Amino acid sequence: MRTTVDRERFIYELVAWLERRLAPPGMTITPTTVLFEGRLIDSVRILELIAWVERATDRQIPDSRIVMDNFRTAERIADVFLEEAGNVAD
Amino acid sequence: MWPTDEVIRALTERGDLWQSAPGVTGLRGSVGSLCEELERAIGALLVGEGIEEWRVPPAIPLEALERADYFTSFPQWLTVAAHLDADVEKMEMVATAASPARACSRALAPAEVALMPAVCYHVYAALADRVLPAARRVAVRGTCWRHEGERLAPLERGWAFTMLEVVCLGSPADVEEFLSCGVQRATDFAGALGLPATVADASDPFFAPTGRGKALLQRMKRLKRELLLPLDAERGIAAASFNDHQTFFGESFGIFGADGAPISTGCIAFGIERWVLAWLAAYGPEPDGWPVMNNVVPTNGGY
């Protein structure tokens with residue numbers, strides 16, 4: 001099972017990556033920032049985000065799991081994909 | 001249900017369906033009349049109070065498609081229209097060739113227009129670089145051309161096919177209401193024809209390398225939905241689509257609302273030949289098996 005520390009670290013690293021790759025100047029991304037409002041994520045960034053999550057969880061995400069609700073915020077991504085990876089890998 | 005390959009074979013054998021090239025299909029006789037009747041009914045479904053009806057040019061400048069980002073989205077489908085070069089030597093070469101038909105491809109002038117791959121591009125191009133003080137809804141129709149290679153199949157996936165569209169240009173709320181109403185009206189229309197329709201989220205086959213990302217975003221944001229009509233127990237055909245472009249075309253073509261922000265757009269598109277095929281799959285190729293098409297268009301309003 002994944003631990004609370006795993007989840008916090010995952011979210012911390014994901015938010016840091018999102019800040020670097022997505023955030024326009026002056027914008028701060030938090031674990032609860034809604035990622036699909038405005039133009040934060042385009043057709044390139046979505047692939048990068050999926051690739052980041054796949055690398056971090058060491059598990060491929062099937063297209064059927066790539067729905068808006070599962071990628072709404074960094075916290076939600078952790079809740080969905082970290083948990084799934086934990087259930088399978090551990 | 002009638003197997004579609006048997007339907008096509010029956011129509012072909014009696015001469016009511018023929019192709020001048022793969023995916024370029026002609027219809028006559030009872031199935032030609034059926035196609036006309038369905039096009040009239042869908043045309044009536046799409047117009048109403050406050051909807052402008054445009055006759056668009058049959059070809060569109062390549063620059064307009066460039067502005068629509070077409071070449072990074074679906075370039076594999078495009079059919080350009082080129083005329084023969086007026087150069088005397090080239091004309092002589094064609095005229096005196098053993099096969100002038102085959103020689104034509106060596107005498108083409110550079111193409112400047114394409115046979116339209118979708119009708120709605122004309123609307124954005126015609127309204128480019130202006131402010132729209134109020135929302136607009138425009139109905140357009142025409143023959144569209146998409147070359148989908150080996151996937152071409154008579155009535156199901158034509159190189160050339162008939163598309164009827166309504167385009168909404170306005171606020172995000174205008175587009176949302178337009179599409180929501182459109183889904184309901186199209187579903188009701190299919191039901192009135194006796195064709196059980198389902199509506200499903202969909203995505204376009206975008207060209208690589210960002211194609212997967214575009215398609216995933218389209219599906220995640222539910223920007224494209226399709227009305228599926230049954231062809232058999234397991235297979236449906238997308239006979240209409242409901243597309244939310246958000247502000248993509250407003251930004252691409254410089255179309256702004258009264259507030260100065262790029263407008264939102266959405267379109268509802270019907271592929272007429274696919275309705276014909278779904279009808280034939282349901283009722284068979286013989287007209288004596290077809291129900292009468294009465295009162296199939298809802299009378300309340302329009303879009």
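User: Before that, what kind of model is it, and how are residues, chains and ligands labelled?

Analyst: This is a predicted model, in which local features need pLDDT of at least 70, side-chain atom pairs count only at pLDDT 80 or more, and totals for chains, interfaces and linings use all residues. Residues are numbered from 1 along each chain as its sequence is written, while chains are lettered from A and ligands numbered from 1 in the order in which they are written.

User: How many helices and strands are there in chain A?

Analyst: Chain A has three helices and zero strands, where helices (H or I, at least four residues) and strands (E, at least two) are DSSP runs numbered from the N terminus. Its elements run α-α-α from the N terminus on.

User: What share of chain A is buried?

Analyst: Of the 90 residues in chain A, 23% are buried. A residue is buried if 20 or more other C-beta atoms lie within 10 Å of its own, exposed if 12 or fewer, and partly exposed in between, with C-beta atoms placed from the backbone.

User: How many residues does each chain bring to the contact between A and B?

Analyst: Eight residues come from chain A and eight residues from chain B; two residues are in contact if their C-beta atoms, placed from the backbone, lie within 7 Å. The side of chain A that touches chain B has seven nonpolar, one polar and no charged residues. Here Ala, Val, Leu, Ile, Met, Phe, Trp, Tyr, Cys and Pro count as nonpolar, Asp, Glu, Lys and Arg as charged, and the others, Gly among them, as polar.

User: Moving to the sheet in chain B: in what order do its strands lie?

Analyst: Three strands form an open, antiparallel sheet in the order β4-β6-β5, and two strands pair if DSSP finds at least two bridges between them. The edge strands, each pairing on one side only, are β4 (59-61) and β5 (79-81) of chain B.

User: And what joins β4(B) to β6(B)?

Analyst: Three bridges join β4(B) to β6 (residues 113-115) of chain B, and the two run antiparallel. Within this pair, I60(B) stands opposite A114(B).

User: How do α2(B) and α10(B) pack?

Analyst: Helix α2 (residues 29-46) and helix α10 (residues 272-283) of chain B pack at an angle of about 120°, with their axes 9 Å apart. Axes are lines fitted to C-alpha atoms, for helices over the stretch in contact, and angles run from 0 to 180 degrees between N-to-C directions. The two helices are therefore oblique to each other: angles under 35 degrees count as roughly parallel, over 145 as roughly antiparallel, 65 to 115 as roughly perpendicular and the rest as oblique.

User: Which residues make that contact?

Analyst: From α2(B) they are V31(B), L34(B), C35(B), L38(B), E39(B) and I42(B), and from α10(B) I272(B), E273(B), W275(B), V276(B) and W279(B). By class, nine are nonpolar, none polar and two charged.

User: Where is D58(A), and is it buried or exposed?

Analyst: D58(A) lies in the loop between α2 (43-57) and α3 (74-89) of chain A. D58(A) is exposed because 9 other C-beta atoms lie within 10 Å. Its phi is near 55°, a positive value in a residue other than glycine.

User: What about D129(B)?

Analyst: D129(B) is in the loop between α6 (121-126) and β7 (130-132) of chain B. Its phi is near 60°, also positive in a residue other than glycine.
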